[in-house]
Amino acid sequence: MVISKGAERVSKTDTYLNCAEVFAYRSTCLKRKYGAVIVKNDAVLSTGYNGSPRGMENCCDRGECPRIPLNLHQGDGYGICRAVHAEANALLNCSREQTVGADLYLTGVNPADGSIHKAKPCPLCARLIIQAGIRNVYLRQSDKAEDYTVIPAAELEWFKEETNEGTDRDSRGQSFP
């Protein structure tokens, strides 16, 4: 969490990322806690955190995550994940009319030690963000002031493409095993 010292003032961007971090602490996920905030014209439109659909049993109550024993990484095994992602939850509370031209702020927290995880939407959430007309996505990178990345929504990694070499490529053409 970025906090002010003395007469300093926390920047608007860090304030919205702090808000996303606060919502991440409501997450019911055991693997990674995420919070999202959608802002338009300096007004918060919506917030979200990752967790099971309303009224459904979640991982923190069950005491287990089906993805952890399989060592699945971001975007992998979403079909066995019990959570709706923070970005999706925030978008579900808005109409497209509201989200066109808005910005989304995203913060990830490691549950084990509370440290900041370098935030990044999974490909499915990236598709939703683009489809909703979000302008920019602000991704917190650490607990330091002004340490974030801004990505135009249209440049998010929204799909993985398999190549003939047996590796996948993301939507920007970068390879990974």
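Colleague: Which residue does the UniProt annotation "active site" cover?
Modeller: Bear in mind that this is a predicted model, where local features need pLDDT of at least 70, side-chain atom pairs count only at pLDDT 80 or more, and totals for chains, interfaces and linings use all residues. Residues are numbered from 1 along each chain as its sequence is written, and side-chain values use heavy atoms, with hydrogens and water left out. UniProt positions are given in the numbering used here, with feature names shortened, and annotations may be inferred rather than shown by experiment. In the unreviewed entry, the "active site" annotation covers Glu87.

Colleague: Is glutamate 87 buried or exposed?
Modeller: Glutamate 87 lies in helix H3, residues 86-92; helices here are DSSP runs of H or I with at least four residues, strands are E runs of at least two, and both are numbered from the N terminus. Not counting residues up to four places away in sequence, glutamate 87 touches Ala36, Leu104, Leu106, Pro121, Cys122, Cys125 and Ile129, contact being heavy atoms within 4.5 Å. Buried means under 20% relative accessible area, exposed over 50%, and partly exposed in between, with a 1.4 Å probe and protein chains only. At a relative accessible area of 3%, glutamate 87 is buried.

Colleague: How many disulfides are there?
Modeller: The rule asks for a pair of cysteine sulfur atoms within 2.5 Å. The sulfur of cysteine 59 has its closest cysteine sulfur, in cysteine 65, 5.0 Å away, so that is too far for a bond. Cysteine 125 is in no disulfide either, its nearest cysteine sulfur being that of cysteine 122 at 3.8 Å. The count is 0 disulfides.

Colleague: Which residue of S3 is the bridge partner of glycine 35?
Modeller: Look at strand S1, residues 33-40, where 7 of 8 residues are buried. Strands count as paired if DSSP finds at least two bridges between them, and S1 runs antiparallel to S3 (residues 103-109) over 7 bridges. In S3, the partner of glycine 35 is threonine 107.

Colleague: And which residue takes a positive phi in the hairpin of S1 and S2?
Modeller: S1 and S2 (residues 43-49) are antiparallel, joined by 6 bridges, with isoleucine 38 opposite serine 46. The hairpin has 2 residues between the strands, and the positive phi, near 55°, belongs to asparagine 41.

Colleague: What is the radius of gyration of the protein?
Modeller: The protein has 5 helices and 9 strands. Taken over C-alpha atoms, the radius is compared with the globule rule, 2.2 Å times the number of residues to the power 0.38. For 177 residues that rule gives 16 Å, so the protein is as compact as a globular protein of that length, with a radius of gyration of 16 Å.
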